[in-house]
Amino acid sequence: KLYGVPLRRDDLDYVIATSTNVELPDLPDSLTDRLFKRNAKPSKNEKEMFVENTTEEPKISAEKIALQKEVDALVVPAVKSVDMLQSYLRSRYTLTKGQFPHEMKI
């Protein structure tokens, strides 16, 4: 909701820790690791490799949409309570030569 990213697990290689703290209320119990697990893709044999792909695009379940709205309703007010955090999260983050993320303070 804040910066257009749906509820998902991010790879820690792409996350930069900051000193900013946000007090969050208790999140729903249905928000577990099992929710983020991907379904296994069926393997193809040699004959199926050259057949046109007829599988459908995966659809987002109604459960995930409802959970996204529930989490947004809890997180957005907490982020808005911290001064300038909402505009910080919406801004594009880049590093230039000589900047080191572990030395930055926000």
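Start with Gln 68, which you will find in helix α2. Gln 68 counts as buried because its relative accessibility is 18%, and the cut-off for buried is under 20%. Keep in mind as you explore that this is a predicted model.

**Around Gln 68**
- Setting aside neighbours within four places in sequence, Gln 68 is in contact with Pro 6 and Leu 7.

**Confidence**
- The average pLDDT over the chain is 80, and 83% of the residues score at least 70.
- Helix α2, residues 62-80, has the highest confidence, with a mean of 89.
- Helix α1, residues 33-36, has the lowest, with a mean of 83.
- A word of caution: where pLDDT is low, the predicted coordinates should not be read in detail.

**A loop residue to look at**
- Met 84 sits in the loop between α2 and α3, the latter covering residues 85-90.
- The phi angle of Met 84 is near 65°, a positive value in a residue other than glycine.
- Is Met 84 buried or exposed? Met 84 counts as exposed, because its relative accessibility is 61% and the cut-off for exposed is over 50%.

**A nonpolar surface patch**
- Ile 16, Tyr 88, Tyr 93, Leu 95 and Met 104 form a nonpolar patch on the surface.
- Together, these five residues have about 410 Å² of accessible area.
- One of them, Leu 95, lies in the segment after α3.
- Leu 95 has a relative accessible area of 37%, so this residue is partly exposed.

Notes
Residues are numbered from 1 along each chain as its sequence is written. This is a predicted model: local features need pLDDT of at least 70, side-chain atom pairs count only at pLDDT 80 or more; totals for chains, interfaces and linings use all residues. Side-chain values use heavy atoms; hydrogens and water are left out. pLDDT is the predictor's confidence in each residue, from 0 to 100. Helices (H or I, at least four residues) and strands (E, at least two) are DSSP runs, numbered from the N terminus. Buried means under 20% relative accessible area, exposed over 50%, partly exposed in between (1.4 Å probe, protein chains only). Patches are made of residues with over 30% relative accessible area and no salt bridge: like charges are joined within 9 Å, nonpolar side chains (Val, Leu, Ile, Met, Phe, Trp, Tyr) within 5 Å. Accessible areas come from the Shrake-Rupley method with a 1.4 Å probe; for residues, only the protein chains shown count as cover. A salt bridge is a side-chain nitrogen of Lys or Arg within 4 Å of a carboxyl oxygen of Asp or Glu. Contact means heavy atoms within 4.5 Å.
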